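Here is a short briefing to read alongside the model. Take a look at the structure first, then come back for the notes.

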Amino acid sequence: MKSSIRDFQRGRTILHCDMNNFYASVECMNDPSLRDRPVAVCGSVEMRHGIVLAKNYLAKAYGVKTGDVIWKAKHKCPDLVVVEPHYDQYMKFSRLARDIYERYTDRIEPFGMDECWLDLSDSVIPADGKKTADEIRSIVKFELGLTISVGVYFNKVFAKLGSDMRKPDATTCIPYKSFKKIVWPLPVSDLLGVGRSTGDILSFYGFETIGDLAQAPERFLTDKVGKNGLMLKAFANGEDTSSVKRSDYISPVKSVGHGVTGREDLRNNEDVWKLMLELVQEVGHRLRQHGKLAGGVSVGVRDCKLRCCEFQCRLPLPTHSPMYLARAAYSLFTRRYGWDLPIRSLTVRAIDLIEDTSDIQTDIFTDPVYIDKMEKLDLSIENLRERFGDGIVKNAVLLGDTKMPEDRELQIVMPAGAFM
Ligand SMILES: [Mg+2]
């Protein structure tokens, strides 16, 4: 990095705020009788085989881990209180925390439901980063009854590392001068962007710590880790210049989406394709109801560690055809998702909506006769579903197990904000 760029980067003040044990903390907040007991938030026994989604510190002390099945968790901690998740409440507190952050800056980038980066460069001087972090922490605790851990640095990657270093209810500043002493001994898997498969590759070749990665030969990284290798090496050296997206980054987009948590985790592309075919029926239906066409599609993924990510692309031709949306969403998904982890929930969203009366510029490769036929087919399916119910006509691949939950109440439609 050139020194002028480095000086500019070092002038930034970035906070990473992470709500501690988010799901379990919200449950304990809403039901004070839980507060002094070990608590695990678990998926319902029938639908998800009862897996621990989150736990509080008392449960953690007994060795209860996220991903444990309930019987195993109870074996470790016989007094464990098991509660079902209340996603509407998590959404609410996620939003309330963001409202507090917005008092300090409009440059807020959420990462999942419980984490946000805040860029305070324009609102506080770098020396006041810690003071402001402490203030935000105490306001969140006072107003919401929840604790957060905050990391302070001049880039996003180390700010996030900082928030992981001390929990709960703590501020961690990593001084630039001693970052090597503090950051480099940490396991490489702690670094943002190092997923399970990348972590496995690195550790197989003996690169166990962030410092090992920082000093790894470039040739090795491009050969073994791929195109992200050099970026991760730069991260390990504290060279992350990415900016914090403004809080209104996505919200102006009007979108129509449908998402579910599968009965079981999705493990391969075939599982995903079947679930997508189900999801797009509803998306296509709602586009028609609203008189809209999708100019783009986005796919939201929440993996079994509850990390969210979202991929988007534009469509060559605006559409409300479920099959067309499904193909675009699937192709986008297979290009972008690396299968580091199985998938817990999936959302397909139609974005960049336009009126369905708009004049559409077709490209020369699209056969208008085919489009017309698809349109007629979709309309017939739409009419049949309206008259006889959603199950009356299905794609043949959906006759088997789609891992779609049968109980509609358990479907969780994630609002756009959840994936921002
Ligand atoms: Mg958290």
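Predicted model: local features only at pLDDT ≥ 70, side-chain atom pairs only at ≥ 80, totals over all residues.

Residues are numbered from 1 along each chain as its sequence is written, and side-chain values use heavy atoms, with hydrogens and water left out.

**Confidence**

- The protein has a mean pLDDT of 84 (pLDDT is the predictor's confidence in each residue, from 0 to 100), and 84% of its residues reach 70 or more.
- Please read residues 249-253 with their scores in mind: pLDDT stays under 50 there, and the model has six contacts for them beyond four places in sequence (contact means heavy atoms within 4.5 Å).
- Residues 406-420 also have pLDDT under 50, with 42 contacts beyond four places in sequence.

**The magnesium site**

- Asp-18 (OD), Met-19 (O) and Asp-114 (OD) are the protein donors of the magnesium ion, at 2.2 to 2.4 Å from it. Donors are N, O and S atoms within 2.8 Å of the metal (3.2 Å for Na, K and Ca); water is not among the atoms, so sites may look incomplete.
- The spacing of the donor residues in sequence is D-M-x94-D.
- Asp-18 sits in strand 1 (residues 14-19) and Asp-114 in the loop between strand 5 (108-111) and strand 6 (115-119), so this pair links distant parts of the chain, 96 residues apart. Helices (H or I, at least four residues) and strands (E, at least two) are DSSP runs, numbered from the N terminus.
- Asp-18 is buried, at 6% relative accessible area. Buried means under 20%, exposed over 50%, and partly exposed in between (1.4 Å probe, protein chains only).

**Salt bridges**

- The whole structure holds 19 salt bridges, each a side-chain nitrogen of Lys or Arg within 4 Å of a carboxyl oxygen of Asp or Glu.
- In helix 6 (residues 87-101), Arg-95 and Asp-99 are four residues apart, about one turn of the helix, and their side chains form a salt bridge of 3.1 Å, N to O. Arg-95 is partly exposed at 37% relative accessibility, and Asp-99 is partly exposed at 33%.
- Helix 14 (residues 269-290) has Arg-286 and Glu-282 four residues apart, with a salt bridge of 3.6 Å, N to O, between their side chains. Arg-286 is partly exposed, at 22%.
- Arg-314 and Asp-352 meet in a salt bridge of 2.9 Å, N to O. Arg-314 belongs to strand 11 (residues 308-319) and Asp-352 to strand 12 (residues 343-355), so the pair ties together parts that are 38 residues apart in sequence. Arg-314 is exposed at 60%, while Asp-352 is partly exposed at 28%.
- A network of salt bridges links Lys-130, Asp-134, Arg-137, Lys-141 and Asp-169.

**Two buried residues**

- Arg-344, in strand 12, is buried at 5% relative accessible area. Its side chain joins that of Asp-265 in a polar contact of 3.0 Å (a pair of N or O atoms within 3.5 Å; within protein, one must be able to donate a hydrogen and the other to accept it, and residues adjacent in sequence count only if both atoms are side-chain atoms).
- Pro-85 lies in the loop between strand 4 (81-83) and helix 6, and is buried at 17%.
- Beyond its neighbours within four places in sequence, Pro-85 has contacts that include Glu-27, Val-41, Leu-53 and Tyr-90.
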